[in-house]
Amino acid sequence: MQSVADSLARLRSLAESPVVAKLATAFQQAGFELALVGGPVRDALLTRTVHDLDFASNARPDDILKVVKPLAEATWDVGRAFGTIAARVDGESVEITTYRADSYDGATRKPVVEFGDELEGDLVRRDFTVNALALRVPEIKLVDPSGGVEDLMARVLRTPVDPAVSFGDDPLRMLRAARFAAQLGFEVAPETMDAMSGMRESLSIVSAERIRDELVKLLASDTPRPGLELMVHTGLAELVLPELPALQLQIDAEHRHKDVYEHSLTVLDQAIGYEHSRHPGAAPDITLRLAALLHDIGKPATRRLEPGGAVSFYNHDLVGARLARKRLRALRFDNDTVDAVARLIELHLRFFGYTDGEWTDSAVRRYVRDAGEQLERLHILTRSDVTTRNKRKADRLGFAYDDLEARIVKLKQQEEIDAIRPDLNGDEVMALLGLKPGREVGQAMKFLMELRLDEGPLGADEAARRLTSWWEREREQG
């Protein structure tokens, strides 16, 4: 962490920024307290970029609206019943929440909302000491009732109160510990980790949607691996993503294979690296990262111990795709994400036949056709799946995929491969063969598509000739 002088300078700069200063003055003139809380204060002290401006105040929601509306381009309720009002001020999004002292019933996870009057009371109900920090404005006074600054310096995550009480109030905080461990690179305090292990079953009362959102935030970090490892170590993954710890396959002295769990985490690491190098500045690709993490989850169910010490995983790509669909649906991911992740897992082995012998143009077209909109993600996933320490093998696979990508580019330029279609449309097929809409038209279109994939564009006349010949043979055989 930076020096004390630098920290104070960062806090002062944050407090004097235009939006913060404008709100601070308005709340002070209205007779209310205002403080920046949690993430922005923590990130300023860590010299991280401050993205979200979260405030707390002793003003009630209606009073917050009265103060903010004259300053804002827009305001909206993100949880008025819980005391939170959001607004856009000078182009920046802010959230302002009334001091709270929530309690939970421990069964339904529905909070009993109690508004408070003191900032310190609001802070001690928060998840971790490093987030239980506040900066009073406009006076610029740091408030730290739980030793959060010391924990920031030590890079430790601990709860402001007994972790059993904190996690009992909201079990999702256990997943947040994993997420912050990944995002911030912090260690979890021993007593906090013990509580995570001991109380993991309480996560079952948290909705799938909240768990999904926390998992997405974890995967969106630059280094999600430590958070995932923490989930596995504490047993949380057994409840959230049981397919991940299941990858820790027992390896015996006779039958040897790579550690599938470690391999999967390495593939995720490498996929993130390719994301950054191929698409610098782009938002984290959660679909790709899910596919990288889950691409081998079909292996435990398909492992076979073969004679001579070999181990096989036949069809683990297809089994894995089915398992991924089931898990992601249970976590309430949207259909597009579920379909894309499953498709990537289903296709992730397709390339490895390329090195056995040069693919025909037909095989390349089919690869592009089958990947569809997921082609770029499939490029990254396939490259990331090479984790061998054998440099010659890794180089051979890398060069082969370079060659495949180059051929795809060349075919795209020649044939508009992204939009492969038969040389004749359905109306033309029905007119040529004298058919009405039905199964036979579908068969004819499939024949033309296979012809297109095998030989490239033929033109309407040649396609019509081939189709007519095929149709005559079909009628003779039928």
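Leaving aside neighbours within four places in sequence, with which residues is Ser 166 in contact? In this predicted model, local features required pLDDT of at least 70 and side-chain atom pairs pLDDT 80 or more, whereas totals for chains, interfaces and linings use all residues. Residues are numbered from 1 along each chain as its sequence is written, and side-chain values use heavy atoms, without hydrogens and water.

With those neighbours excluded, Ser 166 is in contact (heavy atoms within 4.5 Å) with Arg 126, Asp 127, Thr 159, Val 161 and Arg 173. Ser 166 lies in helix H7, residues 163-169 (helices are DSSP runs of H or I of at least four residues, numbered from the N terminus). Its relative accessibility is 1%, so Ser 166 counts as buried (under 20% relative accessible area, with exposed over 50%, for a 1.4 Å probe and protein chains only).

In helix H23 (residues 460-477), Ala 463, Ala 464, Leu 467, Trp 470 and Trp 471 are buried. They cover an arc of only 135 degrees around the axis (taken from the directions from the helix axis to the C-beta atoms), which puts them on the same side of H23. Helices H21 (426-433) and H22 (439-455) are included in what covers these buried residues. Exposed Asp 461 and Glu 476 are carried on the face of H23 turned away from its buried side.

Definitions and conventions
Helix = DSSP H or I, 4+ residues; strand = E, 2+ residues; numbered from the N terminus. Expected span 1.5 Å × (residues − 1).
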